[in-house]
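Colleague: Before I use this model, I would like to hear the grounds for each label you put on it. Please take the terms one at a time.

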Amino acid sequence: MPFILTRINVGDYDTWKPMFDQDRPGARSGSKGWRVLRNADDPNEVFIIVEFESAEQAREAREKLLASGVLDRFEDKSGPFVAEEAEQVVN
């Protein structure tokens, strides 16, 4: 499975989350779903995982996200990266 992975220190989660939910770039519109994880020690640091059917869809969504400029307002970020699942272990 291909994913887009992004880490962002959003500054204020409660302010950021409604903007994330709007998905103005449309980057999640073709996805299978997503997760937003919060750092237990710094709840304003989020990890976003968006799943796609194909790597091409993930790359297209990544380009939409980058072209929109929505991530430019955050200095402390990593990604977005397109990654493919190498292994999954469920207990």
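Modeller: S31 is a place to start; S31 sits in the loop between α1 (13-22) and β2 (33-38). The model is predicted, so local features need pLDDT of at least 70, side-chain atom pairs count only at pLDDT 80 or more, and totals for chains, interfaces and linings use all residues. Residues are numbered from 1 along each chain as its sequence is written, and side-chain values use heavy atoms, with hydrogens and water left out.

Colleague: What makes a run of residues a helix or a strand here?

Modeller: Both are DSSP runs, numbered from the N terminus: a helix is H or I over at least four residues, a strand is E over at least two. By that rule the protein has two helices and four strands, in the order β-α-β-β-α-β from the N terminus on.

Colleague: How do you know which polar contacts the side chain of S31 makes?

Modeller: A polar contact is a pair of N or O atoms within 3.5 Å; within protein, one must be able to donate a hydrogen and the other to accept it, and residues adjacent in sequence count only if both atoms are side-chain atoms. A polar atom of the S31 side chain lies 2.9 Å from the backbone oxygen of R28. The S31 side chain also reaches the backbone nitrogen of G33, at 3.4 Å.

Colleague: Which residues does S31 contact beyond its neighbours within four places in sequence?

Modeller: Contact means heavy atoms within 4.5 Å. On that criterion S31 is in contact with V50, E51 and F52, its neighbours within four places in sequence being left aside.

Colleague: What makes two strands a pair?

Modeller: Two strands pair if DSSP finds at least two bridges between them. Seven bridges join β1 (2-9) to β3 (45-51), and these strands run antiparallel. β2 and β3 pair over six bridges, also in the antiparallel sense, and a hairpin of six residues joins β2 to β3.

Colleague: Which residues are the bridge partners in β3?

Modeller: V50 is the partner of I4 and also of W34. E51 is the partner of G33.

Colleague: What makes a set of residues a nonpolar core, and which members touch the most others?

Modeller: A nonpolar core is a set of buried Ala, Val, Leu, Ile, Met, Phe, Trp, Tyr and Cys residues joined through side-chain atoms within 4.5 Å. The largest one has 16 residues, of which I4, I8, V10, W16, V46, I48 and F52 touch the most other members. At least two residues of this core come from each of β1, α1, β3 and α2 (55-68). V10, not counting residues up to four places away in sequence, touches W16, N44, V46 and F74.

Colleague: Why are R59 and V89 given their accessibility labels?

Modeller: R59, in helix α2, has 42% relative accessibility and therefore counts as partly exposed. V89, in the segment after β4 (77-84), has 61% and so counts as exposed.

Colleague: And D23: why is D23 called buried or exposed, and what is its phi?

Modeller: D23 lies in the loop between α1 and β2. At 16% relative accessibility D23 counts as buried. Its phi is near 50°, a positive value in a residue other than glycine.

Colleague: Where is the peptide bond that is cis?

Modeller: The cis bond runs from G79 to P80, with omega near 15°. P80 is found in strand β4.

Colleague: How do you know whether the radius of gyration agrees with a compact globule?

Modeller: The radius is taken over C-alpha atoms, and the globule rule is 2.2 Å times the number of residues to the power 0.38. For 91 residues a compact globule would have a radius near 12 Å; the protein has 13 Å, which agrees. The C-alpha trace spans about 35 × 30 × 20 Å along its principal axes, and buried residues make up 31% of the 91 residues.

How values were computed. Buried < 20%, exposed > 50% of the residue type's maximum accessible area, 1.4 Å probe, protein only.
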